[in-house]
Amino acid sequence: MTGTATVVDGDSLEVAGQRIRLFGIDAPEASQTCDREGQAWACGLASADRLRSLVGGDKVVCNGNEVDQYGRLLAICTVAGVDLNQMMVADGWATAFRRYSEAYSADETRARAGKLGLWSSSFEAPGDYRAEERQAGTTRAAGAPARIAAPTNTSGCTIKGNRNRRGEWIYHLPGMPHYDQTRAEEMFCSEAQAQSAGYRRSKAHW
């Protein structure tokens, strides 16, 4: 595939109407956030921005002969001879997808040691994040209890309930990452109370 590319996220492009997955690397999802010194930041969007800067407006050449379950061509893509897959890992904006290839493992090791890109913060492996999001969606689709009204008397309660960008109802405990930045839509006195109202616990690491 050759042509002008549109960046979808940190590890996928679209060229001439064909979705392309950069082989051997894994980048954060567009909706994913990372934690830097207690502050949440949009690392998924930052990863996509880095790939966008590498692509620029130049012609992209992608070579591959397999497609994934979503119909995307699995390929190694270059711009002016520069391997985009490798650069994303070497600059720390994607991880080596070792499940499928060890080609970029050394690049990841160097990026991690230099605390480049994503490695300047703590983050959940993109594959783990996707699995959790799928599980959350399955649970909701299978008939998880709908959110109900929170108790009106929440004086002194510290558990924050908030609807995230994916429309999921999440609760955050004091001390969790992003707790201070979370805008509470409802407050709860106990996890049981939050769960009975249709919320699930945040999966952010302590």
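Which pattern do the disulfides of the chain follow, with bonded cysteines counted along the chain? The pattern is 1-2, 3-4, 5-6. A disulfide is here a pair of cysteine sulfur atoms within 2.5 Å, and by this rule the count comes to 3 disulfides.

The structure is a predicted model, in which local features need pLDDT of at least 70 and side-chain atom pairs count only at pLDDT 80 or more, while totals for chains, interfaces and linings use all residues. Residues are numbered from 1 along each chain as its sequence is written, and side-chain values use heavy atoms, with hydrogens and water left out.

**Disulfides**

| Disulfide | S to S distance |
|---|---|
| Cys34 and Cys43 | 2.1 Å |
| Cys62 and Cys77 | 2.1 Å |
| Cys157 and Cys189 | 1.6 Å |

The link of Cys34 and Cys43 is right-handed, with 75° about the S-S bond. Cys34 and Cys43 are both buried; buried means under 20% relative accessible area, exposed over 50%, and partly exposed in between, for a 1.4 Å probe and protein chains only.

The link of Cys62 and Cys77 is right-handed as well, with 115° about the S-S bond. This pair links distant parts of the chain, 15 residues apart: Cys62 lies in strand E7 (residues 59-67) and Cys77 in strand E8 (residues 73-79). Helices (H or I, at least four residues) and strands (E, at least two) are DSSP runs, numbered from the N terminus. Cys62 counts as buried because its relative accessibility is 2%. Cys77 is likewise classed as buried, because its relative accessibility is 0%.

A disulfide also joins Cys157 to Cys189. Here too the pair links distant parts of the chain, 32 residues apart. Cys157 sits in the loop between helix H4 (126-141) and strand E11 (159-163), and Cys189 in the loop between strand E13 (186-188) and helix H5 (191-196). Cys157 has a relative accessible area of 11% and is therefore buried, whereas Cys189, at 45% relative accessibility, counts as partly exposed.

Two strands pair if DSSP finds at least two bridges between them. Strand E1 (residues 2-9) pairs with strand E2 (residues 12-15) in the antiparallel sense, over 4 bridges. These strands form a hairpin with 2 residues between E1 and E2, and Thr6 has Glu14 of E2 as its bridge partner.

E2 also pairs with E3 in the antiparallel sense, over 4 bridges. Glu14 has Arg19 as its bridge partner in E3. The hairpin of E2 and E3 has 2 residues between the strands, and in it Ala16 takes a positive phi near 50°.

**Arg21 in strand E3**

How is Arg21 placed? Arg21 belongs to strand E3 (residues 18-22). Its relative accessibility is 7%, so Arg21 counts as buried. The side chain of Arg21 reaches the backbone oxygen of Ile25 at 2.7 Å. Contact means heavy atoms within 4.5 Å. With neighbours within four places in sequence left aside, Arg21 is in contact with residues including Asp11, Ser12, Asp26 and Asp68. Among its other contacts are Arg72, Leu73, Leu74 and Ala75, as well as Phe97 and Arg130.

Methods. A polar contact is a pair of N or O atoms within 3.5 Å; within protein, one must be able to donate a hydrogen and the other to accept it, and residues adjacent in sequence count only if both atoms are side-chain atoms.
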